[in-house]
Each structure stands twice: as structure tokens, then as C-alpha cells.
Amino acid sequence: MNVWTCADDPGPRASHVTPVIDINGDGVDELLWGERVISLDDGRELFDYAPDYTGHSDVIIPFLDYKKNEWYLFTCREGDDERPEGNDRVVTFKAGGEKAWADLKKGHMHTAWVANVLPGYGKIVMAMREHFVPDDVGFNHEIDGCFYYDAYTGEKVDFSLPCKGYECVPVDLDGDGYHEFYVHRGELAGTVLDRFGNVIGKLSGWPVRIGKIASAPGEQIMLTDGDEVMLWGDKDAVESPLFKRRYETPYLTFMQKLMATGYNAEGSQVACGV
Ligand SMILES: [Ca+2]
Ligand SMILES: [Ca+2]
């Protein structure tokens, strides 16, 4: 087997999430090690989306343009912004490698998600920015920005919920193709919101997994209070054609199993595009 190494190579340095997806459509899954695409068939690096970037990406999220049947790759980054001009902080690539859009040049982008909330199942991405503040134990993370973009074009979107975007994760509970949100931190922790910000439920607990966990229609929320694990869903959920389209690819189901191992089960990284 041709084993891939990157010892002294320039280029991106991994991510806190590692999607496994057939991003080039040849029937063989790839491992997205940050912005590098590694074949699970023989270990070769097939592609590097960002050879000019030497930091790492906190979140990598593949997402599908349903109308064009084309994949995109959204990433938010940490590191490699020390040069005076900085470096792109939030970037969306087309699957073939072309940069669809990018924004911001400085900062540590720490959490992100992709959700269907605009009319016509339009997608937005949320990216949260932090900066390091030295303190008596080393450094602290302080949040200094939360940004919303049209996922395909990068245009800023005026989207707001009663909570901060980084305090919640998207989940399509009723299966209609639009995301609801579970608030997992902050003053509204435990609240379930629709995409317009209306409160539609109240739960409690820290997310274990979010997404399609059970065979029942729709997506579910698995929570724990430290003692018990609870699974919540919508018993009246009906899966729309678009919802079913999302799950036609093995990606989401596979990631649900992979992330059930417990890696990065925190914050928006729970979602990983699921
Ligand atoms: Ca492939
Ligand atoms: Ca929904």
C-alpha cells in the first residue's frame, strides 16, 4: 500500500472533524484530512484544496447543492494568519477545487454549521470567531464574532435567532427539509427553535449526537444529563423528498456512525454537516 505522509510538505494541517465522503464521485470514499483529500482505497493524497494554507481547519463541512447535484466544501480556519495580509478564514470550495468564495483575513474561526433556512431550501453557513487572551493559566478563548453567509455565494445573510449561532446546532426534526435548532449553551440552553426563532420545545441536556439516529422519520436529538441518555424526535415527522435526497448518499449515515465513537462531540462539531 502506498502510505501517505506529509512530514515536511507545505499545505493544510488537518481539521478537528474528518468527513469521509466520495467527494469526486468515483465510487470510492475519501478522507478529508482538513483541505487534503486522501483516498481510502490506497492512501494517496488525491487533491489539496489549499496548498497555500499551512494552518488547520477547525471545521470542514461538505454540503450538497440539491439543484445542481454538486458538492461543496466549507471550512473555517485557525492559524496561518500571522502574515500582514492574513489569510482566508472562512472559505467554500467547489468539489473540483475552485474557490467559490472566501471572507475575513484574521482570526481563529472556531465553530460552524450549515443549515437549510432560506426560502427554497437555501443554505446558510454560520462561523464563529475567537481570539486568544492571555490569562494566569495560559490563555483564554474570547468570542468576538458570529457571521452568517449564503452557503453558495458567500453573501452576508441577515439571520438571527433568539440565541447566538454558536449556541445552537441545526437538526431537521420534522423532516420537511428545513432545519430546526437545538440550543445547547447560553441562556436558552435546552430550547428547540424553528428557523424563524419561534420556541417549539424545551429539553435539557448536552448533545451526544444530532441527526438521523433512529429509523423513525426525521432527525433526532440525543442528549445526556450525565446519568441518562435521552432520544428526542418529532412523532409526527414526515420525510420530504429533499430530506430523503440528503440521505441518499452514504455520507450522513456513515458520519453518524463515525462520530458516535465520541470524537469532537462538542458544540457545532456535533453536526459535521449531518
Ligand atoms: Ca472518491
Ligand atoms: Ca424541519
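Which residue in β18 does I221 stand opposite? Keep that question in mind while you get your bearings. The model on your screen is a predicted one.

**Stop 1**

Select β16, β17 and β18. Together they make an open sheet of three strands, in the order β16-β17-β18, with antiparallel pairing. The two edge strands are β16 (206–211) and β18 (229–232); each has a single partner strand, so one side of each is left without a neighbour in the sheet. On average, neighbouring strands here are turned by 20° against each other, direction ignored.

Now zoom in on β17, residues 220–224. Four bridges join β17 to β18, and the two run antiparallel. Show the side chains of I221 and W232 and you have the answer to the opening question: I221 stands opposite W232 in β18. As background, strands of a sheet pair through backbone hydrogen bonds, either parallel or antiparallel.

**Stop 2: the whole chain**

Zoom out until everything fits on the screen. The chain has two helices and 18 strands. Along its principal axes, the C-alpha trace spans about 50 × 50 × 40 Å. How does the radius of gyration fit with a compact globule? For 274 residues, such a globule would have a value near 19 Å, and the chain has 18 Å, which agrees.

Among the contacts with a separation of 6 or more, 46% are between residues 24 or more positions apart.

**Stop 3: two domains**

Colour residues 1–159 one way and 162–274 another. These are domain 1 and domain 2 in the domain assignment. Their centres, taken over C-alpha atoms, are separated by 21 Å. Where the domains touch, the contact takes 22 residues from domain 1 and 22 residues from domain 2.

**Stop 4**

Keep β9, β10 and β11 selected and hide the rest. Here is another open sheet of three strands, ordered β9-β10-β11 and paired antiparallel. At the edges stand β9 and β11, each with a single partner strand, so one side of each is left without a neighbour in the sheet. From one strand to the next, the twist averages 20°.

Follow β9 alongside β10: the two pair in the antiparallel sense over nine bridges. To find one of the pairs, select N116, whose bridge partner in β10 is K123.

**Stop 5: the nonpolar core**

Bring the whole chain back and show F74, A112, V125, A127 and Y182. The largest nonpolar core has 57 residues, and these five touch the most other members. Strand β9 (residues 108–118) gives the most to this core, with six residues. Both domains take part: the core draws at least three residues from each of domain 1 and domain 2. In soluble globular proteins, nonpolar side chains tend to be buried together.

Centre the view on F74. What does F74 touch, leaving out residues up to four places away in sequence? The list is I61, F63, T92, A112, V114, V125 and A151.

**Stop 6: a hairpin**

Strand β3 (residues 36–39) and strand β4 (residues 45–48) pair in the antiparallel sense over three bridges. In this pairing, I38 stands opposite E45 in β4. The two strands form a hairpin with five residues between them, and G43 in the turn has a positive phi of about 80°.

**Stop 7**

Is A14 buried, exposed or partly exposed? With 16 C-beta neighbours inside 10 Å, A14 counts as partly exposed.

Look for D80 in the loop between β6 (70–78) and β7 (90–94). With 18 other C-beta atoms within 10 Å, D80 is partly exposed.

Terms used. Residues numbered from 1 in each chain as written. Chains lettered and ligands numbered in written order. Predicted model: local features only at pLDDT ≥ 70, side-chain atom pairs only at ≥ 80, totals over all residues. Pairing = 2+ DSSP bridges. Axes fitted to C-alpha atoms, helices over the stretch in contact; angles between N-to-C directions. Core = buried A, V, L, I, M, F, W, Y, C linked by C-beta atoms within 7 Å. Buried ≥ 20, exposed ≤ 12 C-beta atoms within 10 Å, placed from the backbone. Domains from an automatic or database assignment. Contact = placed C-beta atoms within 7 Å. Rg over C-alpha atoms; globule rule 2.2 N^0.38 Å.
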